[in-house]
Amino acid sequence: LRRAALVARMAPKSREKSSRQQACEEDAEDAAAEVTQQLPKKARKAETGQSASSTQGQQEDMPELPDSDEDYEGSEEEDEDIIDEGMEEEEEDDGDAGDGTKRVFRPGIDNVEAGEQLDVEPGTYDMLHRAQVEWPCLSFDILRDELGAQRTTYPMTAYVVAGTQAEQFADNRIYLMKWHKLYRTSKDGREEESEDEEDSSDGDDDHEAVLASKTVPHPGPVNRIRSMPQASHIIATWAESGKVHMWNLQAQRNALDKADEKPASNPKPIFTCENHKQEGFALDFNPHVTGQFLSGDNTGLVFQWDPVPGGWSVSSDKPFRGHTGSVEDVHWKRDAATGRTVFASCGSDCSVRVWDVREPSREKSAQQIAKAHNVDVNVISWSPCVADLLVSGSDDGGFKVWDIRNVAAGAMANFRWHKKPITSVSWHPTDDTCLAVASADDTVSLWDMAVEDDAVGREDPPGAEHFPSQLLFQHQGQRDVKELQWHPQLPGVCVATAASGFNIFKTCNI
């Protein structure tokens, strides 16, 4: 695979480099990632790419998602066409440097000036689609389905639940969405296609991705939303009001596949916890114990929820306390052998803590990284493949990989490459050294911690030296990226939500 594929295409009229660009190029070495590693090495080359933004003129504007299910009335066989296919291949005669060599766009260093635009390097995405809803969604979760594990054939189907951040309190919704007819971007879902087959096509509509949706009114903006892994129709939401709600959306979930079913338009939560003194963002279901759940708030407390007949028993009188600031994220350990009782939390006090729910005292964590970062720790994620590896992301744009068995040795890997706060991190479900990182700098980066630099003797395009060898892919085109996840049943497929909408994509090198 070719390394470095993100190209800034110049306007027909040439222009000289700005003084800032020249200065930045001279300091490119200082802008490279700070990396310390103790992980095994393996060879894999990097590729970077950029998703198409609405300003590029390459994709059509998408219709907005209706406010309610009533807006879908009409032909029962019609779904709202709301997801756009990825960029088609562009001619490569543009975007060359003065000597005919393509230059690589460096986020945080280079600027897209008037008369310039970013282009997708042809072939960098196997699949790229975009969805837009009426209001931005700060959080989402992928709903597990029964279509099979490790699905690699096209077209693909994905089920997603998301919560809105609407301007008006009463306009907020929970969206349950089915994205289907997700064809391969480069070949439109077909490995081989003759000219005769192209001419005899019934039209582009045969290969347009489609979104089916059901909506549920939500009391106020949604800070975080999660679905139960063992029963994906059970949904938890952190409301901006400070309440945590549990929902049974089985009817809405079923209606995504059965157009003739009409679920209740205004279901109520099946359980609500009002014991948190302030709002929060930390939520997670235990993947090993059905119904067990955690919620963390801005006062530094974490509540454990245990399922009981008719609802949940919430340990509000005996919370986990140890953080001196807000709890930003919680995550149950993914290893089945050791993770049933262990979770991690992170907070604005710069710390990461590991807890064991079997411990009689909840005043002190089983393990603590007091100064995991120098600023707020926003997000954490346990590796599903290597039991004791944990990644953390912070407000300064850095993320670190920790071996919880030996935190005294420091972070196994420390990357300071993003320029703005890390908003989400996610380990690849099956690749033990691969992870995804979202940042407020409008980018999603995919990394392999075990890549070794094989640049000796290789001629890279100008600007490629800015990218660390561990960086596999740079995804752009979304504004204010908030959360990302790997799809657990679609290998290599990522979903990201941002103020500008959703992207679902699969890169060429993962």
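Four helices and 32 strands make up the secondary structure here; helices (H or I, at least four residues) and strands (E, at least two) are DSSP runs, numbered from the N terminus. This is a predicted model, in which local features need pLDDT of at least 70 and side-chain atom pairs count only at pLDDT 80 or more, while totals for chains, interfaces and linings use all residues. Residues are numbered from 1 along each chain as its sequence is written, and side-chain values use heavy atoms, with hydrogens and water left out.

Of the 510 residues, 55% count as buried. Buried means under 20% relative accessible area, exposed over 50%, partly exposed in between, with a 1.4 Å probe and protein chains only.

Next, the cores. A nonpolar core is a set of buried Ala, Val, Leu, Ile, Met, Phe, Trp, Tyr and Cys residues joined through side-chain atoms within 4.5 Å. The largest has 22 residues, and Met177, Trp179, Phe502 and Ile504 have the most contacts inside it. Two or more residues each come from β4 (125-131), β5 (137-143), β6 (156-164), β7 (173-182), β31 (493-498) and β32 (501-507). A second, separate core has 19 residues, including Val104, Met412, Trp417 and Ile422.

Now the backbone. Most residues other than glycine have a negative phi, and most peptide bonds are trans. The bond from Tyr154 to Pro155 is cis, with omega near 0 degrees; Pro155 sits in the loop between β5 and β6. Lys181, in strand β7, has a positive phi, near 60 degrees, and is partly exposed at 36% relative accessible area. Asp480 also has a positive phi, about 60 degrees. Asp480 lies in the loop between β29 (471-475) and β30 (481-486) and is partly exposed at 27%.
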